[in-house]
There are 2 protein chains.
Amino acid sequence: MNEITSQIEYLFNPRSVAVIGASDSFGKWGFNIINRILLQAGDINIYPINPKASEIRGIKAYSTILDVPGQIDLAIIVIPPPLVIPAMKDCAKKGVKVALVITAGFREVGQQGIELEAEMLRIAKKGGIRVVGPNCMGHFNVYSELYTTGSTKIKPGPISLISQSGNFGGYIVDRGTDKGVGFSKFVSSGNEADLTIEDFIEYLGEDEQTKIICAYIEGLKNGRRFFELARKITMKKPIIVMKGGRTQEGAQAAMSHTGSLSGSDDIHDAAFRQAGIIRVNKVDELLDIASALIRQSLPRGRGIGIITGGGGFGVVAADACRRMGLEIPPLSEETINRLNRWMPPRWPHANPVDLAGDPMGSVPCIGTLLKSPEIDGILAVSCLGFIPRRSKEMPEHLQKEFAKHQEEMAEGELAAMDGLIERVEKHDKPLIIAAVGYSKAMAELARHNIYTYRSPEDGARVMAFLVDYAEYLSKG
Amino acid sequence: MNEITSQIEYLFNPRSVAVIGASDSFGKWGFNIINRILLQAGDINIYPINPKASEIRGIKAYSTILDVPGQIDLAIIVIPPPLVIPAMKDCAKKGVKVALVITAGFREVGQQGIELEAEMLRIAKKGGIRVVGPNCMGHFNVYSELYTTGSTKIKPGPISLISQSGNFGGYIVDRGTDKGVGFSKFVSSGNEADLTIEDFIEYLGEDEQTKIICAYIEGLKNGRRFFELARKITMKKPIIVMKGGRTQEGAQAAMSHTGSLSGSDDIHDAAFRQAGIIRVNKVDELLDIASALIRQSLPRGRGIGIITGGGGFGVVAADACRRMGLEIPPLSEETINRLNRWMPPRWPHANPVDLAGDPMGSVPCIGTLLKSPEIDGILAVSCLGFIPRRSKEMPEHLQKEFAKHQEEMAEGELAAMDGLIERVEKHDKPLIIAAVGYSKAMAELARHNIYTYRSPEDGARVMAFLVDYAEYLSKG
C-alpha cells in the first residue's frame with residue numbers, strides 16, 4: 001500500500017472509533033450511528049464522545065476525544081458545523097488518522113461555509129488527519145461489520161461503491177440488496193474537502209475484497225488522475241460509472257448539491273471509453289451489469305444465441321440485441337442437429353431458438369448453445385421459472401390437481417438447475433437470463449450468483465456491456 | 001356499431017360458447033379452457049364438444065357442435081390441425097358467429113399449413129363466420145369474466161390489449177397485474193387469417209369499457225387502414241404500441257413466428273407519430289405510460305417541477321428530463337416564497353426542489369408546485385414512502401423504540417395522502433412519483449390509480465410521453 005491507500009485503510013478497518021456527537025436521543029444521527037457501530041461483532045473499540053453524558057447505550061462516554069485512553073484511528077463527527085472546528089483541533093492533538101465528517105453546512109451553503117470548510121481542512125492537514133466529507137452520509141465495510149450509513153447488515157459480496165451523493169448511494173445499495181447482490185465497501189464522499197473519489201478509486205483498486213468498483217460521480221476534481229488510475233484498474237477489475245450532471249440543468253443542480261463542476265459530457269464519454277470504464281445511464285443498469293460481472297464469463301465475440309419460450313420474445317430479443325450492436329449468427333448444421341434432439345419438429349431451426357411451447361427444453365438447449373463454437377454468449381428469454389400461477393377462485397378439486405402439477409413442474413425445474421450450473425461452469429461463456437418467473441430454481445441460480453434480468457432489453461444491454469468490456473480488455 | 005365491430009362483439013360478449021376439443025385430461029388446452037370458462041359467473045351458456053365424452057367437468061358434452069340445442073355465438077377450437085376443417089364445416093352449418101382457433105400448425109409451418117389455412121378460411125367465409133387466429137393464445141373480457149387465455153380473474157380496469165404474439169401478450173398482462181393495473185379486454189390475434197389487428201383496433205376504439213388501447217405488433221396487413229383508424233381513435237383515447245421486428249434479425253424472427261412482414265422501422269416511426277400513437281420500446285415503458293394515462297391529467301406544456309428527497313436525485317432527474325426534451329423552468333418568486341414556508345433555510349431555492357433531508361415536506365411542496373403557473377407537471381423523486389427499515393439484528397429494547405418510530409412515520413405519511421390526492425384532483429396537472437419506497441401510503445395512492453415508477457429516468461420518460469401526447473392533441 002502507498003501512503004494514500006494505507007491512510008484510507010484506517011477508514012475501512014480502524015482498530016478504534018470515536019463518535020463525536022454520540023447521542024442517546026432516538027432519531028438523531030449520533031444515536032443511529034452509535035447503535036449501528038455497536039452492532040459490529042468484531043474487535044473495534046468504540047468510544048462515544050458527548051460532554052453531557054457519562055454513558056451512552058450502556059457504554060462509557062467521554063467529554064472530549066482527548067479523554068479517551070489509547071489511540072483513535074477513526075473519528076466520526078456528527079455535531080453542528082461551528083462545533084466541528086474545536087472537535088477537529090482535539091482530533092489533531094489526539095493523533096486521529098481519519099475524520100469522517102457527516103455534518104453539513106460547509107461549502108455547499110455559500111461563503112461562510114466555504115471559510116468554515118477551509119479552516120477545518122487547515123487544522124486537519126496540520127494534524128496529519130485525512131478527512132472524508134463534510135456533508136456526507138457515512139461509509140461501511142461489510143467484512144468488518146462497520147456501518148456509519150443508514151444501512152446495516154448488508155450481504156457480503158464483491159461490489160464496492162463510491163458515491164458523491166449520500167442519498168443516491170444509499171438508494172443504490174438498497175436496490176442492490178433487493179436484487180440479492182452483496183457488497184464489500186461503500187463511501188459517500190460528500191464535499192470532498194480532502195479525500196476525493198480519485199483517492200477512493202485508488203484504494204478500491206488495490207482492495208482484495210473488492211472485485212467490482214461502482215461509482216456515482218457528479219464532478220471530478222482531478223480528471224487526469226482519475227482516468228490514469230482507471231486505465232490501470234480496469235485491466236484487472238471492472239469500474240462501472242453513473243455520471244450525474246450530463247445536461248446543463250443537471251450540472252446546475254450538481255453545483256448546488258455538492259459544489260461539483262460536472263464538465264462536458266462528450267469529453268467524459270470519450271475518456272470513460274478510453275479508460276475501459278463501463279458507463280451506465282441509470283441505477284438499474286449499474287446493478288444489472290455489476291451483478292453479471294460477479295459470476296459471468298466475458299464473451300469472446302459479439303455472436304449471441306437467443307433462446308426463448310415464445311416467438312414474440314425472440315422477435316423482441318433479436319431487435320434488442322441488434323440495436324445494441326450485438327450479432328445473431330446463423331446456427332451451424334451441427335448445432336441445429338443437436339437442437340433437433342430436444343425440439344418438437346416444427347421449431348424454426350434458426351437463431352433465435354424458439355422452444356415452441358416446451359419449457360422443459362430450456363436447459364438442454366442452453367447446454368447445446370454453450371457448446372456451439374459460433375455462439376459467444378447466450379441470452380435466454382422467458383424460458384425458465386414459469387410455474388403456472390394458481391387462482392384462488394379455482395374449484396377445490398381442481399386446486400389439488402393444480403397444486404400437484406405446480407409442484408411437479410417446480411421440482412422438475414429445480415432438478416435441472418444442477419445440470420445448468422455445471423454446464424455454465426464448464427463452458428467459458430456468459431448466460432444472461434431475462435424475463436423469467438420467480439421459482440425456486442431461479443432463487444437457486446441467484447444463490448450461485450447467476451442473476452436474472454427484468455426484460456429482453458435489459459438482458460441484451462447487460463450482454464452488450466460484457467461484450468464491450470471484453471473487447472476493451474482484448475485490445476490490451 | 002358497424003358490421004365488423006358488431007361481429008367482434010360476439011367474441012367478447014357471446015351468449016353461448018362451444019369449446020371444440022374440451023377435455024377432462026389435466027394439462028391439455030381443452031381442459032384449461034373449459035375450466036376457465038366455467039369460472040365465469042355470468043349467464044353465458046357453455047357447451048363442451050368432445051365425441052368421446054358424455055360429460056366434461058360435470059356438464060353435458062356433445063359429440064359435435066351440431067348436436068347442441070340452440071344458437072352458438074362463439075366456438076373455441078383446440079383440436080389438431082386436420083380436424084379443424086370438419087369442425088369449421090360444422091360451425092358453418094350451425095351458424096356460429098365467431099370461431100377462435102387456438103390450434104397451431106397453419107401458415108406459420110409452410111406450404112401444407114398455408115393450404116390448410118386457406119381451406120379453413122374458405123369454409124368460414126362461406127358460412128359467415130369471422131375467425132380469430134389460427135395459432136393464437138385466446139382472449140379475455142374481464143367484465144364478462146370470459147377467459148380463454150392462461151390468465152383468469154384479472155383486475156378490471158380501462159386498459160385493453162391486442163397482441164400478435166400470444167406469449168408476449170400474456171407476459172404484458174402478467175406484468176401489468178404485478179404492477180396493480182386493471183384490464184378490460186385482451187386478444188391474441190395469431191396468424192390473422194381473417195380478423196386482423198386493424199379490426200380489433202376499430203372495435204376497441206368504440207368499446208366503452210376500453211379507455212386505453214395497447215398493442216404489440218409485428219406486422220400490419222393493412223397499414224393505411226390501421227393509421228386512418230388510429231388517427232381518429234387517438235383523438236378520444238390513447239393508443240400505445242410496441243413494435244417487434246424493428247431490425248432485420250427481428251423481422252426475420254417475426255416472419256417465422258407469425259408470418260408477418262415487419263416493414264421499414266423509419267416509416268413506421270413517422271406514421272405512428274402522425275397518427276398520435278405513443279410508441280414504446282419495451283414492456284415496462286408500455287405499462288408505465290398506460291398506468292399513468294388511467295388517472296393523470298395531461299400537461300399543458302413541457303415545464304416540469306422536480307421535487308426530490310436528496311440532491312443526487314435532483315441531478316439525475318434533471319438530466320433525465322432534459323435528455324427527454326422536457327424543460328425545467330426557474331421558479332417564480334411567489335413559488336419560492338411559498339416553498340420557504342415548508343423548507344429548512346438552506347434549501348437550494350431552485351428547481352429541482354431538494355427537500356434537504358426533510359421527507360415531511362414532500363406533500364405541501366408538491367401542493368405548492370401544483371398551484372404554480374410556471375409548472376406544467378410534477379416529478380416527485382425519492383421523497384415519499386421511505387419508512388426506515390428495521391434490522392432483525394437490532395437489540396430488543398431498540399427494536400421496540402424503532403418500531404414505534406416506523407409506525408409514526410407510516411401513519412404520518414398515510415394521513416398526508418388524503419390531502420395529496422385531493423390536491424391532485426383539484427389541479428389539472430400530472431404528478432409522476434418515482435423511486436419511492438413501498439409504504440401503506442404508496443399502496444393508498446395506487447388504490448386511487450396514482451401509480452409509482454421505478455427510477456427517476458422511468459418517471460421522466462412517462463412525463464415525456466404525456467407531454468408528447470398532449471401536444472399532439474392540442475394541435476388537433
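Start at Cys321(B): its sulfur lies 13 Å from the closest cysteine sulfur, in Cys383(B), too far for a bond. Cys321(B) is buried, with a relative accessible area of 0% (buried means under 20% relative accessible area, exposed over 50%, partly exposed in between, with a 1.4 Å probe and protein chains only). Now select Cys365(B). It is in no disulfide, and the nearest cysteine sulfur, that of Cys383(B), is 8.7 Å away. Cys365(B) is buried too, at 0%.

Before moving on, some ground rules. This is a predicted model, in which local features need pLDDT of at least 70 and side-chain atom pairs count only at pLDDT 80 or more, while totals for chains, interfaces and linings use all residues. Residues are numbered from 1 along each chain as its sequence is written, chains are lettered from A and ligands numbered from 1 in the order in which they are written, and side-chain values use heavy atoms, with hydrogens and water left out.

**The interface**

Show both chains. The contact (heavy atoms within 4.5 Å) takes 64 residues from chain B and 65 residues from chain A. Together the chains bury about 5,200 Å², 60% of it on carbon and sulfur atoms; buried area is the accessible area (1.4 Å probe) that two parts lose on being put together, summed over both. In chain B, select Phe26(B), Val315(B) and Arg454(B): these lose the most area to chain A, together 12% of what that side buries.

Next, the charged pairs. Six salt bridges cross the interface of chain B and chain A (a side-chain nitrogen of Lys or Arg within 4 Å of a carboxyl oxygen of Asp or Glu). Zoom to Arg322(A) and Glu249(B), whose side chains meet in a salt bridge at 3.0 Å, N to O. Then pick Asp458(B) and Lys282(A), bridged with their closest N and O atoms 2.8 Å apart. This pair runs from helix H16 of chain B to the loop between strand E14 (278–280) and helix H10 (283–295) of chain A. Helices (H or I, at least four residues) and strands (E, at least two) are DSSP runs, numbered from the N terminus. Both Asp458(B) and Lys282(A) are buried.

**Salt bridges within chain A**

The whole structure has 52 salt bridges over all chains. Select Asp73(A) and Arg15(A), which meet at 3.0 Å, N to O. They sit 58 residues apart, Asp73(A) in the loop between strands E4 (59–60) and E5 (74–77), Arg15(A) in the loop between helix H1 (3–12) and strand E1 (16–20). Buried or exposed? Asp73(A) counts as buried, at 0% relative accessibility; Arg15(A) counts as exposed, at 51%.

Go on to Asp194(A) and Arg130(A), with closest N and O atoms 2.9 Å apart. Asp194(A) lies in the loop between strand E11 (183–188) and helix H6 (197–206), and Arg130(A) in strand E7 (130–132), 64 residues apart. Both are buried.

For a network of salt bridges, select Arg246(A), Asp265(A), Asp269(A), Arg273(A) and Arg279(A).

**Last stops**

Pick Leu146(A), in strand E9 (146–147) of chain A. Leu146(A) counts as buried, at 0% relative accessibility. Beyond four places away in sequence, its contacts include Leu11(A), Phe12(A), Ile37(A) and His139(A).

Finish at His427(A), in the loop between helix H14 (396–426) and strand E18 (431–434) of chain A. At 17% relative accessibility, His427(A) counts as buried. Not counting residues up to four places away in sequence, His427(A) touches Ser297(A), Leu370(A) and Lys371(A).

Notes. Disulfide = S-S within 2.5 Å.
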